[in-house]
2 protein chains.
Amino acid sequence: MGRVKAVVAYDGTNFSGYQSQPGMRTVQSEIDKALVKIHKDKSVHSVASGRTDAGVHANGQVIHFDTPLTLKEERWQMALNVLLPTDIRIVNVCYVDENFHARYSATGKTYIFKWSYASVHSPFERNYSVHLGKWRPDVEKMKEAAKYLIGTYDFTSFCSAKTATSNRVRTVRLLTLERHDDELIMTIEGDGFLYNMVRTIAGMLLAVGKGWHQPEEVKEILALKDRQAASKTAPAHGLYLENVTYDHDNLSK
Amino acid sequence: MGRVKAVVAYDGTNFSGYQSQPGMRTVQSEIDKALVKIHKDKSVHSVASGRTDAGVHANGQVIHFDTPLTLKEERWQMALNVLLPTDIRIVNVCYVDENFHARYSATGKTYIFKWSYASVHSPFERNYSVHLGKWRPDVEKMKEAAKYLIGTYDFTSFCSAKTATSNRVRTVRLLTLERHDDELIMTIEGDGFLYNMVRTIAGMLLAVGKGWHQPEEVKEILALKDRQAASKTAPAHGLYLENVTYDHDNLSK
């Protein structure tokens, strides 16, 4: 009974994104369908930390919902996982204070973006990383470019032209590039991200790595506040919502 | 020009098995479609080392086909990978002697079977390993049972009741179980395998690991030559055709 917080992982491949849309298979609609079953056909809606686009994955999406039921936390996890399709898994459940809000209480988010160096892109990785093909990007230059994006800036140049939000000032706290075996992994952490912001940054950094732009140009592009100035948005299937952070106060009841 | 051998990897999830069937999406039909395109609509058929069932994956399936074209080996790989869907990849191509036959020249095959110990089965692994749920099988007992299956035996108890072949004597050269992180991996190598043989062995060994059978019983079940005696066939999506071996003589022209 009360407000429940759940951490959700999903393979975004076969979803038309996170948010419910009539006639589409979305992560939210599958979760809400499972919640309605558990509540014996009473309508229950979950609220997420934010949407993700079609093809984008999550290891640590966070949702909340309110319930009159008195199930224990581990029973919630089990009941939801029995009802959900196997491309969505509940990895953690806890009761939280009723002031907790999956979206409004979030203090930060971490995303990762994966590229593959493999000479032939494994069929098992085709939906989970973006193949670099014959490209061997200059990772040191990408790291140099990344430095210009750490801090508090107006990210108009690095979000979709369709972004509805007028305040486009965001803080990027961390932006790293690391090579692990056959993969190049970008990790980005910030207080929040604009629509397509992470994928635009990934696309821009890769363009620097390919030598199409110099690292310093990223600083200029940021100052222009013009989406046209930055490079192409990177494909959705390389992107993962890894983690959403909250103040400790809100976390458990 | 001549006979071409190719090593093929595929994610079996979205295929109705390897072999061409009218109206079905199969690995063979996709490969043959690509070959026909490269040969400007002349019919070309590939021959594989053997079929795999719906859901079964491959890292090292082997095929051969004959061609009048004079493409270089790396051009064959590139041309096929451009035309094939991304859940099939050609990982290697070489010209071979015309006596080479993907099926009849094979001297051995290696399969692996993967189970997952994860408390929650990752949505990214759902099609690539079989979840053990709450089970923590006794791997030492599974290893003990495995010893009874190494050698040359009539494997009637460990193949599908639908097996057409009358000679069911096969040699298992190697059968190991190893834990890697969150996975339990069975590796089996032999001169050839009967229909469903690897999955029946995987199912039997897991039943021993769960304590439903004693390791020694595997010896008795083998002697019975009766499919009813052994345990349930393990699910297809844990199985991978890893490698097919050939005599060196046949390998390159």
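**Reading one residue, then an interface**

Author: In chain A, the loop between strand 2 (47-48) and strand 3 is where A:Asp53 is found. The model is predicted.

Reader: Which UniProt annotation covers A:Asp53?

Author: The annotation is "active site", and it comes from an unreviewed entry. Such annotations may be inferred rather than shown by experiment.

Reader: Is A:Asp53 buried, exposed or partly exposed?

Author: Under 20% relative accessible area a residue is called buried, over 50% exposed, and in between partly exposed. A:Asp53 has 24% relative accessibility, so A:Asp53 counts as partly exposed.

Reader: What does A:Asp53 touch, apart from residues up to four places away in sequence?

Author: A:Asp53 touches A:Gly17, A:Tyr195, A:Asn196 and A:Arg199.

Reader: Where is A:Ser160, and how do I read its accessible area?

Author: A:Ser160 lies in the loop between strand 7 (151-154) and strand 8 (169-180) of chain A. Its relative accessible area is 9%, so A:Ser160 is buried. A polar atom of the A:Ser160 side chain lies 3.0 Å from the backbone nitrogen of A:Lys162.

Reader: Which residue does UniProt mark as "binding site"?

Author: The unreviewed entry places that feature at A:Tyr111. The residue sits in strand 5 (residues 106-116) of chain A. A:Tyr111 has a relative accessible area of 8% and is therefore buried. Leaving aside neighbours within four places in sequence, the contacts of A:Tyr111 include A:Arg51, A:Met186, A:Phe193, A:Leu239 and A:Glu242.

Reader: What can I read from the phi angle of A:Lys40?

Author: Phi of A:Lys40 is near 50°, a positive value in a residue other than glycine. A:Lys40 lies in the loop between helix 1 (27-38) and strand 2 of chain A. With a relative accessible area of 73%, A:Lys40 is exposed. For a case in chain B, take B:Asp181, whose phi is also positive and near 50°. B:Asp181 is found in the loop between strand 8 (169-180) and strand 9 (183-190) of chain B, and B:Asp181 is exposed, at 73%.

Reader: Now the interface. How is its size given?

Author: It is often given as the accessible area lost when the parts come together. Here chain A and chain B bury about 1,500 Å² between them, 68% of it on carbon and sulfur atoms. On the chain A side, A:Val120, A:Phe124 and A:Arg126 lose the most area to chain B, together 42% of what that side buries.

Reader: How many residues does each chain give to the contact?

Author: Chain A gives 22 residues and chain B gives 22 residues.

Reader: How many salt bridges and polar contacts are there between the chains?

Author: A salt bridge requires a side-chain nitrogen of Lys or Arg within 4 Å of a carboxyl oxygen of Asp or Glu. The count between chain A and chain B is 4. A:Asp87 forms a salt bridge with B:Arg126, with the closest N and O atoms 4.0 Å apart. For polar contacts, the rule finds 2 residue pairs across the interface.

Reader: Which elements of chain A give two or more residues to the side that touches chain B?

Author: They are strand 1 (2-10), strand 3 (57-67), helix 2 (73-83) and strand 4 (88-96). Strand 4 gives the most, with 4 residues. By type, the residues of that side divide into 11 nonpolar, 7 polar and 4 charged.

Notes
Residues are numbered from 1 along each chain as its sequence is written. Chains are lettered from A and ligands numbered from 1 in the order in which they are written. This is a predicted model: local features need pLDDT of at least 70, side-chain atom pairs count only at pLDDT 80 or more; totals for chains, interfaces and linings use all residues. Side-chain values use heavy atoms; hydrogens and water are left out. Contact means heavy atoms within 4.5 Å. Buried area is the accessible area (1.4 Å probe) that two parts lose on being put together, summed over both. A polar contact is a pair of N or O atoms within 3.5 Å; within protein, one must be able to donate a hydrogen and the other to accept it, and residues adjacent in sequence count only if both atoms are side-chain atoms. Ala, Val, Leu, Ile, Met, Phe, Trp, Tyr, Cys and Pro count as nonpolar, Asp, Glu, Lys and Arg as charged, and the others, Gly among them, as polar. Buried means under 20% relative accessible area, exposed over 50%, partly exposed in between (1.4 Å probe, protein chains only).
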